[in-house]
Protein chains: 4
Amino acid sequence: MSALLETIARVRKDVCELHAELTRYELVVWTAGNVSGRIPGHDLMVIKPSGVSYDDLTPELMVVTDLYGTPVRGINTGSGGTVDWGNPDLSPSSDTAAHAYVYRHMPEVGGVVHTHSTYATAWAARGEEIPCVLTMMGDEFGGPIPVGPFALIGDDSIGQGIVETLKNSHSPAVLMQNHGPFTIGKSAREAVKAAVMCEEVARTVHISRQLGDPLPIDQAKIESLYDRYQNVYGR
Amino acid sequence: MSALLETIARVRKDVCELHAELTRYELVVWTAGNVSGRIPGHDLMVIKPSGVSYDDLTPELMVVTDLYGTPVRGINTGSGGTVDWGNPDLSPSSDTAAHAYVYRHMPEVGGVVHTHSTYATAWAARGEEIPCVLTMMGDEFGGPIPVGPFALIGDDSIGQGIVETLKNSHSPAVLMQNHGPFTIGKSAREAVKAAVMCEEVARTVHISRQLGDPLPIDQAKIESLYDRYQNVYGR
Amino acid sequence: MSALLETIARVRKDVCELHAELTRYELVVWTAGNVSGRIPGHDLMVIKPSGVSYDDLTPELMVVTDLYGTPVRGINTGSGGTVDWGNPDLSPSSDTAAHAYVYRHMPEVGGVVHTHSTYATAWAARGEEIPCVLTMMGDEFGGPIPVGPFALIGDDSIGQGIVETLKNSHSPAVLMQNHGPFTIGKSAREAVKAAVMCEEVARTVHISRQLGDPLPIDQAKIESLYDRYQNVYGR
Amino acid sequence: MSALLETIARVRKDVCELHAELTRYELVVWTAGNVSGRIPGHDLMVIKPSGVSYDDLTPELMVVTDLYGTPVRGINTGSGGTVDWGNPDLSPSSDTAAHAYVYRHMPEVGGVVHTHSTYATAWAARGEEIPCVLTMMGDEFGGPIPVGPFALIGDDSIGQGIVETLKNSHSPAVLMQNHGPFTIGKSAREAVKAAVMCEEVARTVHISRQLGDPLPIDQAKIESLYDRYQNVYGR
């Protein structure tokens, strides 16, 4: 039991601190973005509380939920007692259902990030995938960054759109149409890295295309870059 | 009486501190933007002093005015004395008349913000509303961000333009032609949030349109997003 | 004599500190921009030393020169002695000749700023003036921001181009062709403000024009804005 | 021997600290950029470790390698002993082979920098050189910034492309096609300055070209600017 409590404390700390990368790289304004992390070995996840400023986040404010997004405010210690935690006044992020759907359907995923980062969202508003014309895109995404369907918040539509798009792609990022990017990773940190790199390539390819057509990279060379970066290079 | 003084002190502190959000999100340069807040239950408001750098703002420098923009330098305590406050050398922002007009004509408004934030002002210079092509625009603005008339400073023209444009719109933001955005909210903080989100969507839709046409969102879906965010979601 | 020394110390401190506004508003990279200030009542000026990082500037490192740009390393105290100051190893900015020319030919100018700020320099590279399509441009510049001639460094060509362009304009900013903006003001602080506002309007008008034509403002209304801001408003 | 150890300590400190300029000027995100410096008089270089955040860099973490990119973990003191240094768990940057190739083939080079800075990479993605239309480009680059070939990581292709492109150019920067800029300098600091200026001119010329054609500068005037800046001006 104490192992679980320690794990929850560690994931809460990680998830809390990783939000600072969203602000550092200007992927979010106000409270409009969130990071979550899976509690390994349990059907639990940790996510940003709704409506709390990034400046005010602390590990203790991170909300623990089950994989359907229902807050779990305490845990049975197995000896008849419970350990309470969490602030019952705080709701999990309004995007929790989408994160939870991903964890239920992609067991290899340990972290999920959602932002409305400017350039990625601009591609998403046109419903246009980002073509793979940079070697760093080959490394990180192994091809284009795909577009997911338009989906309204309130049920599993967003989660389904994310999972169906990503399961057929090397890319850890999907641009949900008219909405913004969701990214995944083996850990919350890897998902944050994918969110940072997604915006970086969205911006660079956008700027390149403003004055002409970027040169394509052969698919074989993209695969070579991706294989080396993911395997040989040890990521 | 002491309740009013406490309220004034609280609003001054809030209004002062909220200017830091304008600089954090780079909505303003030099001294070119201002926040105001209503003193609830009184025909008074608090606004940034004119010409003072954001670095140098303190709660005590915030200017209290009546709802015609005339500074109120002290208040009758009701027992024959007065309590003085405010620095008689400081004038309220040169935009005070516009803020005051809004408070007189929109009793539900508790805060007003004016900036020349880059992308919103760029749309304003073309006299072009920002189309609602992002789910976060549906949430926050419930439709396009409208354009108000060209108006010169010096009388009630700007205030009238703001009120007439906003009273027919879900949007808490108006782009005054060739000038820049004004935003409103139930509180000064909500008005600042609207200013931040206005620039964010102005930038994202601009960038999206640079390389093609963003996909429209059905009006019914926009209404659904707005209703949920404003009502169900509890904003 | 001590009055002059005090004045020099004050101007050195002001000029030194104002460089922090160039970096704050991202008008400069590395060491590529400089502020100068006139020593009132004397044929002397203070300017940034060449090649010193903005992080390392101190008042004592600011170089005092005559109005031909020759460093003045000490001053005759009038009683047969001299007071030395300044670091003889530091040269004044390579742009000193242009600043000095302005002080010689525009006695009302108390400060000069040169940057290569991105958007202003982009207009300068096309040799295109910035049209007055924003009310804040009417306030601050009273019309378009004009372009000065192409001129090579090394003689008075740059200074002549600045003075000849600005003497026929309300604008305190000139875009030297293929080079970048120079701005003037009654004080070094006013010249820095003009540099900040020049980049702000260069950026905003650029972005507005990317998606169409900004709406023009009548010349009479521009004059009205300018007169009010410069006179009635007390600037 | 102690002179070499002192030199290594100094270069490690310099190389470590110079990474802060990459983040200050937003040339890099996450860990995607690196600085190296030659150990003068020895076939050794110092480079960023792979995968370490810029926040976490210390001089001791900088990896010393020979000029084929093989880590050198200690050094024979000449009296039968060795001095160990370096963290055997850290690999040098994955770009080390390219840096090392430059040091082997360009003996005048003392520092190399690689980034994926946004605007320079955008030109690189189109395989288009940056034309010399700014006086500061004349000063620093003496002409256009050239494009190098598409090359995959894993052998000497990138290094060869850099060297072959730069040896026929005044420019200390090359835009490797679909990849990003590499810059060189007499010292690591000069190479970092070239990386900063490369992005600055890439951005400014991009923005200028968005609304028309920048005016060309005569080749003779470019040569005049370059000669003065590099020679007369003493750089």
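## The sheet of chain A

In this predicted model, seven strands of chain A form an open sheet with mixed pairing, in the order β3-β2-β1-β6-β9-β8-β7, where strands are DSSP runs of E of at least two residues, helices are runs of H or I of at least four, both numbered from the N terminus, and two strands pair if DSSP finds at least two bridges between them. The edge strands are β3 (63–66) and β7 (147–148) of chain A, each of which pairs on one side only.

Within this sheet, β6 (residues 111–115) and β9 (residues 180–185) of chain A run antiparallel and are joined by four bridges, with H114(A) standing opposite F182(A) in β9(A). Helix α6(A) lies across β1 (33–39), β6, β8 (173–176) and β9 of chain A, and runs at about 145° to β9(A); contact means heavy atoms within 4.5 Å, and angles, from 0 to 180 degrees, are taken between the N-to-C directions of axes fitted to C-alpha atoms, for helices over the stretch in contact.

## The interface of chain A and chain D

In this interface, 31 residues of chain A are in contact with 24 residues of chain D. The buried area, that is the accessible area (1.4 Å probe) that two parts lose on being put together, summed over both, is about 2600 Å² between these chains, and carbon and sulfur atoms give 62% of it. I207(A), L211(A) and L215(A) supply 23% of the area that chain A buries against chain D, more than any other three residues.

One salt bridge (a side-chain nitrogen of Lys or Arg within 4 Å of a carboxyl oxygen of Asp or Glu) is found across the interface: R24(A) pairs with D55(D), their closest N and O atoms being 2.5 Å apart. On the side of chain A that touches chain D, α1 (2–24), α4 (135–141), α6 (188–210) and α7 (219–232) each supply at least two residues, and α6(A) gives the most, with 11 residues.

## The sheet of chain C

Chain C has an open sheet of seven strands with mixed pairing, ordered β3-β2-β1-β6-β9-β8-β7. Strand β7(C) pairs in the parallel sense with β8 (residues 173–176) of chain C over two bridges, and the bridge partner of V147(C) in β8(C) is L175(C).

## Basis of the values

Residues are numbered from 1 along each chain as its sequence is written, while chains are lettered from A and ligands numbered from 1 in the order in which they are written. Local features need pLDDT of at least 70 and side-chain atom pairs count only at pLDDT 80 or more, whereas totals for chains, interfaces and linings use all residues, and side-chain values use heavy atoms, with hydrogens and water left out.
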